[in-house]
Amino acid sequence: MLFFENVTLRRGRHVLFDEATFTVHAKDKVGLVGANGCGKSSLFAMIRREIEEDAGNFNMAGNLVIASVRQETPAVDIPALDYVLQGDVELCELEDALAEAEQNNDGLTVSELHQKLDQIDGYSARARASTLLNGLGFQTAQETNPVTSFSGGWRMRLNLAQALMCRSNVLLLDEPTNHLDFETVLWLERWINTYPGAVLLISHDRDFLDRVIKRVVHIEHEKIQLYTGNYSDFERLRVEKIAQQQSQFERQQKHIAHMQSFVTRFKAKATKAKQAQSRVKALERMELIAPAHMDSPFSFEFATLDFSHSPLMQLNDAHMGYIASSTDTVTEAGTTDSTIILSNVNFVIRPGDRIGLLGPNGAGKSTLIKALAGAHSDDHALTVSGERIEAKVLNIGYFAQHQLEQLHPEMSPVQHFQHEYPDATEPDIRKFLGGFDFQNDKALEPVAPFSGGEKARLVLAIIVYAKPNILLLDEPTNHLDLDMRHAITMALQSYEGAVLLVSHDRHMVRTVCDSLYLIANHTVAPFSGDLDDYAKWVNEQRLEDKSALENAPDKNESNDTAAPAEAQISKKEQRKLDAQRREQLKPLKKAADKLEQQLEIAQARSDEIDALLMSSDLYTDDNKSQLAALNKEYGELSKQIDELEIQWMDALEALESA
């Protein structure tokens with residue numbers, strides 16, 4: 001489908017990648033990985049034919065339809081559903097032509113256009129668009145709201161829905177999970193896994209990559225390298241490759257040193273001159289092996305804390321909500337009315353706590369963090385009642401997306417630090433900023449043109465420098481690449497203070513948090529399971545919500561109208577029907593339970609191998625065969641887990657449909 005032959009792509013004079021040769025086939029699920037600025041988005045632009053390759057040849061199979069997500073949303077007043085429908089260009093063209101033909105009373109053309117609409121399944125298009133909006137978290141009532149009424153994050157969801165609406169052969173997704181919550185990410189995973197075309201995906205969410213992709217295109221040092229498997233497979237194979245490269249490099253350096261020593265000793269001796277010259281030529285011809293390294297521009301850690309009081313913070317019988325606004329601003333609850341989001345909250349944070357917050361979008365995760373942040377939250381619409389107790393020494397580090405907008409565009413990273421910490425010296429500031437990859441002139445440049453990732457890094461740097469003893473992190477990983485996410489995760493693991501984290505990055509939640517709390521139905525309560533259990537809870541909630549919707553009484557029916565006698569069923573007959581219903585559903589439930597059990601067994605073995613592969617002893621010459629066997633088994637298990645997950649989801653859908 002997509003053919004790259006010795007392709008070179010530049011940005012100005014800078015080479016992004018050179019002589020890349022690979023092919024993307026139909027139904028491929030490919031992840032593009034590499035540091036920010038390596039050329040991933042430029043590769044997408046080349047596929048969309050917005051830019052041309054500088055050398056080599058890039059070709060596509062004929063009649064390909066490529067879909068991608070808009071980065072900007074036009075300020076239009078059309079309903080959200082109509083905006084999503086615009087993703088199917090052919091459908092819109094046919095509907096416009098049909099309207100014109102009907103206006104002209106052209107019966108023959110009307111008939112032909114109706115036939116074409118039927119061929120592209122046009123009559124179910126609105127239902128498909130509605131399903132996409134629902135999957136991405138929109139309520140049915142919001143489908144008629146104008147696009148301009150939605151905030152930036154929700155507009156990006158509309159753009160994603162529009163791209164998914166396109167009946168495409170190739171789907172380009174650049175950071176699609178940035179504005180999605182955990183539940184919506186799960187839905188998107190399922191959608192991509194059933195998408196019949198090829199998917200090229202840029203994402204810094206490693207769990208999302210693991211569950212979606214089957215191949216990796218890695219861009220590094222101006223070269224493209226292909227790997228088979230998901231992201232975890234890529235990481236292991238890359239580590240193994242680097243270990244082998246380092247071993248080869250060290251052996252070659254010893255060989256070069258030996259040959260150079262011979263040349264130095266005997267080049268001047270007539271009897272050895274010819275042999276010495278031969279070795280000089282051999283050294284010149286030798287293809288040098290580069291030293292292996294794992295480049296990461298980030299290196300920072302949290303300072304050691306002095307004694308912290310316990311508890312650090314406590315809420316007793318707290319109620320949280322938002323006051324009515326004079327404008328039509330939508331609150332987290334999705335309403336402009338004054339409303340309570342969380343009730344009777346009793347919550348304690350102690351030194352060393354690692355707490356992850358789970359819950360549906362709008363349930364109140366950000367509301368709880370804002371309430372805990374207090375004056376730091378800068379949300380004047382939030383109201384909190386009840387008792388809030390703070391430790392005598394409390395230094396809150398609060399990260400939220402709105403803080404990126406509060407940076408001063410004209411100021412540099414160094415100036416931001418000087419503004420926040422007047423006593424800090426510039427050399428100390430620049431040394432500290434270097435750990436967040438604000439090197440040399442970058443530390444002195446105005447932040448106005450900085451990317452979202454660079455601004456997020458600067459805000460995090462300011463927070464880390466303040467030596468907080470409690471961190472309140474609301475989606476800290478949005479816009480950050482995998483290297484920075486890894487650096488934060490490593491720093492948090494050695495952090496002595498308390499952490500409260502909201503993140504759709506499951507890998508970060510899994511590796512950082514020791515306990516989970518579920519926020520749902522206006523309550524905050526400990527969640528006894530792990531993230532896999534939470535995914536099951538989400539599916540169960542979806543089933544219950546659908547069942548409640550289907551069983552809801554018809555609003556058009558009058559409540560005081562008695563049902564006909566023949567439609568009335570006795571309690572005994574109803575129990576009999578319910579029993580028959582349960583018997584009919586048993587095979588479907590049994591199949592879903594069996595797949596779930598198989599999935600748990602495979603996942604347990606995968607986790608076991610994952611732990612074994614962390615041992616450095618495996619990467620020696622003596623253990624090559626064992627390493628190869630474990631990698632092979634892990635790869636097979638990864639494929640098995642992917643297949644079982646799809647089968648399990650299908651089984652749940654079958655049970656839901658029944």
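Guide: A crossing is left-handed if the near helix is turned anticlockwise from the far one by less than a right angle, and right-handed if clockwise. Helices are DSSP runs of H or I with at least four residues, numbered from the N terminus, as strands (E, at least two) are. The crossing of α3 and α4 is left-handed. This is a predicted model, where local features need pLDDT of at least 70 and side-chain atom pairs count only at pLDDT 80 or more, while totals for chains, interfaces and linings use all residues. Residues are numbered from 1 along each chain as its sequence is written, and side-chain values use heavy atoms, with hydrogens and water left out.

Visitor: Why is α3 called roughly antiparallel to α4?
Guide: Helix α3 (residues 89-103) and helix α4 (residues 107-119) pack at about 160°, their axes 9 Å apart. Axes are lines fitted to C-alpha atoms over the stretch in contact, and angles run from 0 to 180 degrees between N-to-C directions. Angles under 35 degrees count as roughly parallel, over 145 as roughly antiparallel, 65 to 115 as roughly perpendicular and the rest as oblique. The pair is therefore roughly antiparallel.

Visitor: What makes α13 oblique to α14?
Guide: Helix α13 (residues 413-420) and helix α14 (residues 426-434) pack at about 120°, with axes 10 Å apart. That angle makes α13 oblique to α14. Their crossing is right-handed.

Visitor: Why does Cys38 count as buried?
Guide: Buried means under 20% relative accessible area, exposed over 50%, partly exposed in between (1.4 Å probe, protein chains only). Cys38 has 12%, so Cys38 is buried. Cys166, at 16%, is buried too.
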